[in-house]
Amino acid sequence: MTAMKVWDGTQWLTVSWPYGPVGPKGPPGVGANPTGPASGGLNGTYPNPGVNRPSAGGLMAVQRDWGVGSAYLAVASGAALQNGAGRNLQISYTPTIPVWWDVNYGCGILQKTDAAYHLGYCTLTISPADQDGNQSQSSGDQQHASVQTYVKRSGGRWYRLAAATTYTATVIFSSNGGTWQFLPRNDMLFLIGRVWPQ
Amino acid sequence: MGALKLWDGSAWRTVPSGVGPQGPPGDLSTDYSPRGVAGGGLADMYPNPSINGSAAGTLLNAQSLRGVAGGTWSAIANNYVLSTSGAQNAAPLLQLVYAPPVDAWWTVNCKSWFNKTDAAYHYGYLCLVLSPADQDGLSVVRLIEMQHSTVQTVCWRQARMTWRLAANQSYTCFARFECSGGGWNVMQNDQSMVMDGMAYAQ
């Protein structure tokens, strides 16, 4: 705005007037979208961090193994169940923190091939033993080739694992005699582990 | 404050007032909490975002089916789907349906009791069936028992499988009975006929 002038007879004088009141204060500032690295229960970078699954109590990992064969395999007492392709049915896990390992298995068909009664077990076993000294869980049945020819075994257990140790789970067959076989097909033989933080 | 006036010889005129200077900056914030949209493993808005269950690996979904209170033995034949209705292989079937919003692990647990009603040996399977097959091609789990009405009259089967599901695909998991012959019953009461499902993000 141009200043207002008045003539006093000899010169122009600038008319000055008082300014209006000072305007109101601005609103308080607001926070901003967070930036930078996340930590604690989060990971990654703000504002889109990831969630640390162990801190959240979430499922950390899953392992699965299953049979891949199509023909019966004979099994002797003390032997691990095989996957039908020349190796043990097994899963392994090496936790980075102490965890719970929920392991379950199914042997859908265990056949007794001789005409005598014997007891046959499938025993879920981990090595080494967990933090409480637990290693195994057994399921047994008495069978005879012409009576209980085919019977399943299944079971599971929660293991308490220490950090930085590699644990391996297998299924061991044992019996008090006789001859036995199982079918290592993918619908008949499986071993599954699920990992949760302690 | 009064307005400035000038005498023009005949009347007082109001000198238009000026606009005051801009006010001082606002106060510094004392609220340092973050603002804006949360993403990644978080959801909703800062400063109070929620946790994205998929990222956290916490339970995404749970389902539970039971037989009927006071239920009793119900005849079942080869390839019948277990049911909580009066007749087997008829709705409502013992089955769960789930379409995960993300790739997921789906642990399904099923337990049933079977009764052999004739005096001959036959085998009977409890089959846990997933349709379509999971991401590794797995679709069936079978557990067998050999039974005879006067020997192994009643036996249970329990199938528990963790399926690997693809996101946005609808899956059905149901319990099917398979046998080599003979007469069979399945127990329908709510303690003996069970199917549970729990899903977690991969």
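## Strand pairing in chain A

Two strands are said to pair if DSSP finds at least two bridges between them. Helices (H or I, at least four residues) and strands (E, at least two) are DSSP runs, numbered from the N terminus. The model described here is predicted: local features need pLDDT of at least 70, side-chain atom pairs count only at pLDDT 80 or more, and totals for chains, interfaces and linings use all residues. Residues are numbered from 1 along each chain as its sequence is written, while chains are lettered from A and ligands numbered from 1 in the order in which they are written.

Chain A contains one helix and 16 strands. Strand S14 (residues 167-175) of chain A is joined to strand S9 (residues 90-93) of chain A by four bridges, and the two run antiparallel. Within this pair, A:Thr170 of S14(A) stands opposite A:Gln90. S14(A) also pairs with strand S11 (residues 118-127) of chain A, through eight bridges in the antiparallel sense. Here A:Ile172 in S14(A) is the bridge partner of A:Thr123.

A residue is buried if 20 or more other C-beta atoms lie within 10 Å of its own, exposed if 12 or fewer, and partly exposed in between, with C-beta atoms placed from the backbone. Of the 198 residues in chain A, 34% are buried. Two residues are in contact if their C-beta atoms, placed from the backbone, lie within 7 Å. Among chain A contacts between residues at least 6 apart in sequence, 71% link residues at least 24 apart.

## Nonpolar cores

A nonpolar core is a set of buried Ala, Val, Leu, Ile, Met, Phe, Trp, Tyr and Cys residues joined through C-beta atoms within 7 Å. The largest has 79 residues, of which B:Val108 and B:Leu128 touch the most other members. Another core, of six residues, lies apart from it and includes A:Ala38, A:Leu42, A:Val51 and B:Ala56.

## The surroundings of B:Cys110

B:Cys110 belongs to strand S10 (residues 104-116) of chain B. This residue counts as buried because it has 28 C-beta neighbours inside 10 Å. Beyond its neighbours within four places in sequence, B:Cys110 contacts B:Leu126, B:Leu128, B:Ala159, B:Ala175, B:Val194 and B:Met195.

## Confidence

The predictor's confidence in each residue, pLDDT, runs from 0 to 100. Chain B has an average pLDDT of 91, and 92% of the residues score at least 70. For the complex, the predictor gives an ipTM of 0.84 and a pTM of 0.85.
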